[in-house]
Each structure stands twice: as C-alpha cells, then as structure tokens.
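Here is a report on a protein model with the structure shown alongside. Please keep the view open while reading.

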Amino acid sequence: MKIVAGVSNLDEARWFLRKGADELYFALARFRNHRRASLSFSLEKDADALLRLCAGAGRPLYLAVNEIYPREEYAPLSAAAGRFVKAGGAGLIIRDPGLIKFLRGGGFSGNLVLSTLGHCFNSAAMEFYARLGISRITLPQHLLPSEARGIVQNRRGLETEAFAMINGYCANVDGSCRYHDIESTEEPGYLNCQRSLPARGGRFRLTQLPAAELVRNIAAFHALGVRYFKLGRFHDFERNKRGMLRLSTVRKKLLAAGGRKAP
Amino acid sequence: MRTPGTEYAVVLSASELENPDFGLLSRFQAVYAGDEFCQVKLPSAGRLRALRAGFRGRIVLASSLMTDKWLEKFMALVPLVRSWGARGELVVNDLGVLDRLCRRGERPPRISLGRVLAGDLSFFAASPGFKQLFGRGVRAVEIDDLEGFRLFSKVPGAALNLHYPYKFSAFSRICYLTRKFNDACRMPCRGAAAAEIPAGVLKERLFVSGNALFSDNSALYRGICGLKKPAGGAVPARLVLNSGLSRAAGCLNSGL
C-alpha cells in the first residue's frame, strides 16, 4: 500500500516525506488545474526544489494537469511535461483525452495517471483510457469498492488508486459540481458543501459519509487490489496532517493483519 | 408559443413514465425517458415499449454515469432504441458507454452528448480530435447554460438541445433523499416535488430533486433567442422542457 499526498508548498512536501508518503503530486499555477490557485506552486524555482527534494528522498513526483484544455494549450503543456519528466518527474495526473492522445502521439514517455475527474466508473471507460495510454486509474470518489472490481482487477495491468478521503470527501461527484461556484452571500470562503441550508420544510445539507465507513472503504479497496491511496490537496493543512496520520495508522493495521505488503 | 425550426421535447419523471398521459405527450415531438444523473432511473424495456406503443414521436433514452452493472443494463436496451430508427435516440453521459457504442460493429442510434459528459470534455468535445475518436453516431449535445451554448454552437453539424427551465448544478451518487448510494432503491424520489432552497445564504435559488441540484435557467432561452446573431446563427434544435409534463404542456400553450 502506497500513500500519495498532494502538496501546495515545500513545507508540506517535507512534512509528508518525513511522515512516510510514498509519492507526492503538485500543480503549477500557470497551468489550470482543478484546485484553487493558492494550492498550486506559483514559482518555478520552488517546483524545481520540490523535484530535487523528491529525487533526494527517492520518491516519485507527479504534476497535476487535470483539466480540459483548449487545443492551443496542448503544445506548451506538452513541452512543460517533457521538461518535467526529463528533470526526473515521474509523470502527469491528467483527464483530457485529447491531451493524453497528443502526449502519447508525441512520444511522451512519462507515466500518465488518470485523474478522478476522468469519471472512470466502469470497465468500458477503463478500456478506453488504457487504449489511450493511461498507466494508472484514479477511481472516482463516488465508486464503491463492490462496484470497482472490474476496473481494479483488469487484465490490462493498469494500476489503480483510490482517494483515502479521510482528510476530506466531496459530497457531490467531483468534476461535475457547479455548486462551489454558487457563492454564498455570507462568510465567503466557507465551503458551500459543508453548510446546512434553510429549505422549504426543513434544512438541507449534503451527505458526508461517516468516517468509519471511509476507513472501511480503504480496507475494502486494499483487499480488492488497489495499491495507491491518495490524500488530496486542501487549503487546511492541519486537516491534511490528521488525514496522513490516520492513513498511516490504517496502513499499519492492514499490514499487521496480513494484507498486501508494500513492495 | 413555438419557435420555428425548434423541436419541443419533454422530460418524463419516473412516475410519469409509469403512467404516461399520451394526450399531453402528443403535443411534443420528442420525449425523454431515463435520467442524466441517476443510473437507477434507467427505465425497463417494458416501460419503453409501452411508451413506444402510445407515442409516435422521438423517444430519447437518457443515461447517466454508470457502474459496470448498470452499463450492461443500458447496453441491453440499445437494440430496442436502434429498432426505432430515427424515432429513437440516446443521451450518453458516460465515456465508457460512448466508447462501447461507437466501437460496436453496428451503426449506433443517434447519440447526444449529455450535460455531464459534454461538461467533462468541454473543449475536447468541440474539437476535431473528438470526431476522430467518436465521430460515428454523435449528432447533438445537451446544454443548459450559455457557456455550453457558446462552446458547442461552433461545432459543425452538432445540434444543440437546450434544457429549460432548470439547469443542473451538481449531483451526487449519495442520494439527497435516501442518503444512500444510488445503486438500488425503489425511487422514493418519483413523483416527489423538488425541495426548494431559497436564495439568501446562497446567491441562487436551488431545487433538490433526488440526487441532483438544479437552478433556474429560464432567462437563458429568452437570452439566446434575443441574440441578434447567436453564436454563428445557431438556434437550439430542440427545447427540452424539464419542469414536469403538465407544466411543460402548459408552457407550450402560454409561452415560455
């Protein structure tokens, strides 16, 4: 079982590596990605330092370019991706089928991890992405372990990754949610999806899965054969820290119980 | 009030599909069965046949993102829709489904990209590269906002089906009503009125229906029709009324 952690700056990266993260990922502010700009690296020199940090620790580093881009952005993205891999980066986290095709067609040799935003909910979607050249699939947050068998135990040899979600869970299907954009009129910055809202005939709140169920899902995904567990980037680093510590504990318990050993 | 050149369609709820009012349905040229956001609302072959028997227009089978189990159920319905020729159509929101349909030996029925998939692919769906991968069968795009209208009206040969008067804001696989994953349920949402969250805390009024959130887009249609040269002269090929059958029929009489 490998722990993948998203980082927003060098301090976070150092902390996660110290605590046993097996792999890190980050985003560059100059390329749109699915999290707010403040969670991305704005300075190239910091990104270079992150690459050196991971290389020194012997841990792979991935760059998230997980949006759909206009065709004119493919060439600069491809050039940056090529430089990143040449400098030691492991590959990209990606969702745009056109960009995947463009990169593989252009001889991009790095790994391509399908973002959870690729909505790979079934084996047919997995087959499609495998043909395009994806090397690892990140499962959608709203896919249950019992529904993921066909994807995880695929014959293509694709690796799979699941969000650990114990540091945060999207109540709506990530990538198809315009709810965040419906800004609140009070307390700007407060996430809409955590609010209890007045509704006709009562109050409305989006469903958050209980923490115990999220932990059970990690064990079930692990038993199914999922090898990578991801902690997403969040604005609240203290929450991320707690997520990492809990996930490390879950990993220890699973290994002690005779689960799949981390290679 | 009808706009020349625009086809009028209505979205049937699960309960309306169980007991279709064919008198009201006859006022529409197309009817949507199924759901773009919930796989559990996929109708049975029996329900579709009953609808076919009483409705002469186009039947559009709408589908959502799908797990393996539901994908197979959906694919089993495709031959039935194909047998209706030009009177059958699919709305597809799952890339795996789209890939399966476009790679099969037989010509797929007419396909429209659903709002989730069109949003997922956005620039790519509007690019020539998309045609190379999925060219066969994809003839239309479902839209419900101005951004979608502007993006896809530039795509040659793509008909635009505009949903009115609600646009989707978000959906979850954990149903807002049952608080459970939508793998199996008896659809307690069918026939239930959408709960309303008034504007106030949020800037927009929202409607909660089953596992999806919607907001009002009624100004959009008037806005599009009011454009002097709307994005290259395109007008919606189809107006998809999603306010329930009786209200939709009323809209046709009284104007939008």
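The sections below go through the two chains, the places where they meet, and some local details.

## Basis of the report

The structure is a predicted model. The values given below are computed from that model.

## Chain A as a whole

Chain A contains eight helices and 10 strands. Its C-alpha atoms fill a box of roughly 55 × 50 × 40 Å along the principal axes. A compact globule of 263 residues would have a radius of gyration near 18 Å, and the value of 18 Å for chain A agrees with this. Of the 263 residues in chain A, 44% are buried. If we take the contacts in chain A with a separation of 6 or more, 62% of them are between residues 24 or more positions apart.

## The two domains of chain A

Chain A is divided into two domains: domain 1 covers 2-169 + 209-256, and domain 2 covers 172-208. The C-alpha centres of these domains of chain A lie 26 Å apart. Where the domains touch, seven residues of domain 1 of chain A are in contact with four residues of domain 2 of chain A. On the domain 1 side of this contact in chain A, three residues are nonpolar, four are polar and none is charged.

## Chain B as a whole

Chain B has 10 helices and 12 strands. Its radius of gyration is 17 Å, close to the 18 Å given by the globule rule for 256 residues, so chain B is as compact as a globular protein of that length. The C-alpha trace of chain B spans about 45 × 40 × 40 Å along its principal axes.

Buried residues account for 50% of the 256 residues in chain B. Among the contacts in chain B between residues at least 6 apart in sequence, 67% join residues at least 24 apart.

## Where the chains meet

How many residues of chain A are in contact with chain B? There are 43, and they meet 40 residues of chain B. The elements of chain A that give two or more residues to this side are helix H4 (97-105), helix H5 (123-132) and strand S8 (196-199). H5(A) provides the largest share, four residues. By type, the residues on the chain A side that touches chain B divide into 20 nonpolar, 14 polar and nine charged.

## Helix H5 of chain A

H5(A) is mostly covered, with seven of its 10 residues buried. These buried residues are Ser123(A), Ala124(A), Ala125(A), Met126(A), Glu127(A), Phe128(A) and Tyr129(A). Which elements do the buried residues of H5(A) pack against? Within chain A they pack against S5, strand S6 (136-138) and helix H6 (149-152), and in chain B against H4 and H5.

His119(A) lies in the loop between strand S5 (111-114) and H5 of chain A. Its phi is about 55 degrees, although His119(A) is not a glycine. His119(A) counts as buried because it has 25 C-beta neighbours inside 10 Å, and the cut-off for a buried residue is 20 or more. Just after H5(A), Gly133(A) takes a positive phi of about 120 degrees.

## Helices H4 and H5 of chain B

Two packed helices are described by the angle between their axes and the distance between the axes. The axes of helix H4 (residues 68-83) and helix H5 (residues 95-103) of chain B come within 11 Å and cross at roughly 35 degrees. The crossing of H4(B) and H5(B) is right-handed.

On the H4(B) side, the residues in this contact are Leu71(B), Phe74(B), Met75(B) and Val78(B), and they meet Gly96(B), Val97(B), Arg100(B) and Leu101(B) in H5(B). The residues of the contact between H4(B) and H5(B) divide into six nonpolar, one polar and one charged.

## Backbone details in chain B

Pro165(B) is placed in the loop between strand S7 (159-164) and strand S8 (166-171) of chain B. Is the peptide bond from Tyr164(B) to Pro165(B) cis or trans? The bond is cis, with omega near 5 degrees.

Met187(B) is found in the loop between S8 and strand S9 (195-197) of chain B. Its phi is near 50 degrees, a positive value in a residue other than glycine. Met187(B) is buried, since 21 other C-beta atoms lie within 10 Å.

Conventions: Residues are numbered from 1 along each chain as its sequence is written. Chains are lettered from A and ligands numbered from 1 in the order in which they are written. This is a predicted model: local features need pLDDT of at least 70, side-chain atom pairs count only at pLDDT 80 or more; totals for chains, interfaces and linings use all residues. Domain bounds come from an automatic or database domain assignment. Two residues are in contact if their C-beta atoms, placed from the backbone, lie within 7 Å. Ala, Val, Leu, Ile, Met, Phe, Trp, Tyr, Cys and Pro count as nonpolar, Asp, Glu, Lys and Arg as charged, and the others, Gly among them, as polar. Axes are lines fitted to C-alpha atoms, for helices over the stretch in contact, and angles run from 0 to 180 degrees between N-to-C directions. A crossing is left-handed if the near helix is turned anticlockwise from the far one by less than a right angle, and right-handed if clockwise. The radius of gyration is taken over C-alpha atoms; the globule rule is 2.2 Å times the number of residues to the power 0.38. A residue is buried if 20 or more other C-beta atoms lie within 10 Å of its own, exposed if 12 or fewer, and partly exposed in between; C-beta atoms are placed from the backbone.
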